[in-house]
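Have a look at the model below. The questions that follow ask what stands behind each label we put on it.

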Amino acid sequence: MIHQIPWVYVPVRSVLATWLQLIKTEIPELAKCSVLMKQRSKVEETLRAMQRAGAGSLQVISDFDMTLSRFAHNGRRVPTTHNILDNRLLINEDCTRKMRELLDTYYPIEIDASRTAEEKLPLMVEWWTRVHELLIQQRIRRELLAQAVQESGAMLREGYQHFFDRLAERQVPLLIFSAGVGDVLEEVIRQNRVFHPNVHVISNYMDFDCTGVLQAFKGRLIHTFNKHEGALSLAAGLRELRGRRSVLLLGDSLGDLTMADGVEEPRQLLTVGFLNDQVEERKESYVNAFDIVLIRDETMDVPNAVLNFITSPPDAA
Ligand code: C5P
Ligand code: MG
């Protein structure tokens, strides 16, 4: 018996190697030097399983700011949905100054690799709450949001059109789960002509009075580090997502990893993390947490390639 083990082991290993090699040739984007994977073989196995399950079992859960939208373009930061509101049409100079001070205080905390999510959590609540209070004081008018988005320089990642269109074609639901401002987010994807019927958004929505003036924010506050609560209370209830246990998750924050917490087990989960800022400081934690990490990649090339692979029948991939 014992002398048979190497005989069995070697062919199995080489078959496995050939099988894994296939992904490398079928998804060459994963071989780019900006792509990091701690467990390449696990990624390849998950991709195979998701491909076998097919588009009918797939859902995509994505963060918005700095994941679907760009982090920077031509060396300049691209505005987040909150920052799009920094427009004289909507807020005054004093509010701009206060919001920027808050950003300068809290954003470094949000991305600080030396603090835990638990430590950051109360500070994030403080940041979001203070900004929302400032915005409410400005009596923002709903009818001006579209113009503010047009004037903002908001940009989705290169290749976004293929991403949204492919999902719509294959009738794969896309859940955009954002701690940004939902009304602004919707306007960005509408103006980019990709707000297809398969897109669902969970975010912080503005509550306007009957004259169209901002008076509050609706529902429970969503910030970067409490997405697991929304995943269980909101995403899990979405009929369109039910029974789809093959999940492609995209995010740019470690907090985004909890966006799939509401998906029933057993599930196949492949996580992709965009590492945009503080790269050296955060690389290790991202590689330990996400299956695939994309370093300073402003494109949707890898998510698109992964999506094409998963949604093509195995023999046609
Ligand atoms: O869509 P996402 O969940 O990424 O939206 C949250 C992002 O918005 C955070 O990463 C944070 O840096 C940013 N933010 C901001 N201004 C605020 C609050 C959050 O730019 N006032
Ligand atoms: Mg984000």
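**Buried elements, sheet and pockets**

Q: What makes helix 11 largely enclosed by the rest of the structure?
A: In helix 11 (residues 301-310), 8 of the 10 residues are buried, so the rest of the structure largely encloses this helix. Buried means under 20% relative accessible area, with exposed over 50% and partly exposed in between (1.4 Å probe, protein chains only). The buried residues of helix 11 are Val 302, Pro 303, Asn 304, Ala 305, Val 306, Leu 307, Phe 309 and Ile 310. Helices are DSSP runs of H or I with at least four residues, strands are runs of E with at least two, and both are numbered from the N terminus.

Q: What are the ground rules here?
A: This is a predicted model, where local features need pLDDT of at least 70 and side-chain atom pairs count only at pLDDT 80 or more, while totals for chains, interfaces and linings use all residues. Residues are numbered from 1 along each chain as its sequence is written, chains are lettered from A and ligands numbered from 1 in the order in which they are written, and side-chain values use heavy atoms, leaving out hydrogens and water.

Q: Why is strand 9 called largely enclosed?
A: Strand 9 (residues 246-251) has 6 of its 6 residues buried, so the rest of the structure largely encloses it. Ser 246, Leu 248 and Leu 250 point one way, Val 247, Leu 249 and Gly 251 point the other way, and all are buried.

Q: How do you know which strands pair with strand 9?
A: Two strands pair if DSSP finds at least two bridges between them. Strand 2 (residues 58-62) meets strand 9 in the parallel sense over 5 bridges, with Gln 59 opposite Val 247. Strand 10 (residues 268-275) also runs parallel to strand 9, joined by 6 bridges, and here Val 247 stands opposite Leu 269. Both therefore count as pairs under the rule of at least two bridges.

Q: What makes strand 1 and strand 6 the edges of the sheet?
A: The open sheet has 7 strands in the order 1-11-10-9-2-5-6, with mixed pairing. Strand 1 (35-36) and strand 6 (199-204) each have a single partner strand, so one side of each is left without a neighbour in the sheet.

Q: Which residues touch the most other members of the largest nonpolar core?
A: Among its 94 residues, they are Phe 163, Phe 164, Ile 176, Leu 248 and Ile 292. A nonpolar core is a set of buried Ala, Val, Leu, Ile, Met, Phe, Trp, Tyr and Cys residues joined through side-chain atoms within 4.5 Å. Beyond its neighbours within four places in sequence, Phe 163 is in contact (heavy atoms within 4.5 Å) with residues including Leu 250, Pro 303, Asn 304 and Leu 307.

Q: What is the volume of the largest pocket, and which residues are closest to its centre?
A: The largest pocket holds about 830 Å³. Of its 35 lining residues, Val 78, Pro 79, Thr 80, Asn 83 and Leu 103 are the closest to its centre. On a 1 Å grid over the protein atoms alone, a pocket is an open set of points where a 1.4 Å probe fits, with protein on both sides within 12 Å along at least five of seven lines, and lining residues have an atom within 4 Å of a point. Helix 4 gives the most to this lining, with 6 residues.

Methods: Points joined across faces, edges and corners; volume = space filled by probe spheres on them.
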